[in-house]
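Take a look at the protein model below. Keep the sequence and the 3D view side by side as you read.

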Amino acid sequence: MVSNKKVIKSGFWYVFANFLNKGIVFLTTPIFTRLLTKGDFGLFNNFLSWESILLIIVTLNLESTLIRAKFDYKKHFDSYILSMIVLSWINTLIWYLIINFNNTFFISLFGIEKKYINLMFLYMFFVPVVNIFQTRASFLFEYKASVFVSILLSISTAVGSILLILVLPDKLFGRIIGLVLPAVILGIVFSVYFVTKGKKIRISYWKYAIPICLPYVPHLLSMTVLNAADRIMINKFCGVEETALYSLAYTCGTVVTLFATSLNGAFSPWLGEMLNNRQFKQIRKVSYIYIGLFFFLALGIILLTPEVLFILGGKSYMDAIYVLAPVSMGCCFQFLYTMFVNVEQFEKETLGMAIGSVVAATVNFVLNYIFIPRFGYLAAAYTTLFSFQLLLLIHMYLVKRIGLEEVYDYKFIYGVVVIGILLMFVIIVLYNHIVIRYICVILYALFFLYLLLKNKDKVLLLFKERRI
């Protein structure tokens with residue numbers, strides 16, 4: 001049993017690393033929006049959208065099995081990890097050959113040149129190795145390695161992309177190379193590390209992992225479609241400039257997702273420990289603070305997103321201001337359903353999870369197809385919000401169906417959902433009343449400072465070495 005102190009300290013630094021990593025992305029976004037044309041910025045986001053979809057299909061998202069394999073193969077964990085990496089490589093190569101034999105069809109489907117498809121597959125071959133290294137570090141509470149890799153990858157990607165854009169005549173090519181090259185270099189390094197450490201590849205591990213991750217693939221694919229299909233469909237129906245507007249607004253709104261991902265990186269290893277020991281009351285007790293803290297901080301982010309949009313894109317992107325609130329609130333619901341997904345993953349109940357996600361993604365696709373041509377890119381924000389709400393309800397039902405509804409307080413979560421929707425519409429109104437919104441921001445900041453000072457001993461405890 002890992003000490004509470006180690007869990008808290010590891011979790012804190014995991015959150016810090018994620019914020020620093022994504023913070024660099026947000027700080028460099030204004031540079032990219034000014035160095036690239038709107039067309040190139042839109043095409044790059046189209047590249048990212050397809051990469052996020054294909055990454056799940058070609059790599060099977062095998063790192064998702066580590067949450068349980070850590071306990072089932074405790075003595076041979078590194079051998080298990082090496083086996084997952086090799087399986088990911090084999091599947092990636094198979095898909096690369098399939099797409100290259102039918103490249104005319106796929107170039108038309110993706111709206112991406114062949115050279116960028118090749119770079120995409122090079123990226124997808126190595127980035128899972130980096131992701132697996134990060135996941136392993138998270139579950140073993142090795143926060144120093146996680147922080148170092150996160151900072152190194154984000155800085156090298158940002159700096160390399162800027163330099164390549166400035167040097168190369170094809171700026172889009174420079175942006176994509178800047179993304180791919182650091183991941184490839186780190187992927188090679190970690191591949192050597194895992195080959196040395198894991199030593200053996202076992203087919204039995206593949207047989208263990210595939211039944212778990214295969215149902216999880218349509219789930220993750222559906223989730224990615226929920227996040228990426230709107231931009232792909234906006235690109236088809238409205239054009240690359242509207243895709244650029246929506247993409248930047250979506251980037252601002254997903255500051256909330258950044259916070260959710262960071263917190264989940266700290267929460268899920270602890271949750272695995274608690275579920276393994278069936279300490280449901282402790283999970284529920286912590287979940288009140290966890291959810292409350294997230295929504296409180298998310299509210300502050302949503303209040304300031306218009307300023308973030310202006311800083312990142314300038315006046316030419318301010319038409320997308322009304323996309324921010326529904327996108328941000330959708331990310332809040334994404335945070336909530338992830339808590340239930342963690343439970344389903346641990347219990348290896350991935351089939352129902354996959355079906356629910358496919359249903360939500362299908363609903364999102366149909367709604368996008370109906371409303372984007374009629375109301376433009378703004379409609380995509382609300383269709384995605386509705387789909388995330390639906391997905392939350394589905395996952396709450398699935399956890400209840402497997403008999404683990406006592407893990408979380410359902411009435412409390414329903415209340416949070418209702419309050420979140422009401423606050424979203426209040427914030428939308430405040431976007432037209434800047435003085436009132438700034439007063440709200442000041443009051444929020446003062447209350448946050450009060451909470452920080454009131455709990456300063458608990459905050460300082462994160463930096464101390466004594467055990468709880």
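This is a predicted model: local features need pLDDT of at least 70, side-chain atom pairs count only at pLDDT 80 or more; totals for chains, interfaces and linings use all residues.

Residues are numbered from 1 along each chain as its sequence is written, and side-chain values use heavy atoms, with hydrogens and water left out.

**Overall fold.** The chain has 18 helices and zero strands. Both are DSSP runs, numbered from the N terminus: helices are H or I with at least four residues, strands are E with at least two. Of the 468 residues, 56% are buried. Buried means under 20% relative accessible area, exposed means over 50%, and partly exposed lies in between (1.4 Å probe, protein chains only). Contact means heavy atoms within 4.5 Å. Among contacts between residues at least 6 apart in sequence, 84% join residues at least 24 apart.

**Nonpolar cores.** A nonpolar core is a set of buried Ala, Val, Leu, Ile, Met, Phe, Trp, Tyr and Cys residues joined through side-chain atoms within 4.5 Å. The largest one holds 107 residues; F194, Y246, I283, F295, F333, L336 and Y408 touch the most other members. Helix α13 (residues 324–346) gives the largest share, 15 residues. A second, separate core has 28 residues, including W50, L55, F106 and I232.

**A helix pair.** The axes of helix α4 (residues 77–101) and helix α5 (residues 103–110) come within 5 Å and cross at roughly 95°. Axes are lines fitted to C-alpha atoms, for helices over the stretch in contact, and angles run from 0 to 180 degrees between N-to-C directions. α4 and α5 are therefore roughly perpendicular, a label for angles of 65 to 115 degrees. I98, I99, N100 and F101 of α4 meet N103, F106 and F110 of α5.

N46 sits in helix α2 (residues 38–59). Beyond its neighbours within four places in sequence, N46 contacts F110, G111, I112, I232 and N235.

**Cysteines.** There are zero disulfides in the structure. A disulfide is a pair of cysteine sulfur atoms within 2.5 Å. The sulfur of C331 lies 7.2 Å from the closest cysteine sulfur, in C332, so the gap is too far for a bond.

| Residue | Relative accessible area | Class |
|---|---|---|
| C331 | 1% | buried |
| N46 | 4% | buried |
| C440 | 29% | partly exposed |

Note on methods
Angles under 35 degrees count as roughly parallel, over 145 as roughly antiparallel, 65 to 115 as roughly perpendicular and the rest as oblique.
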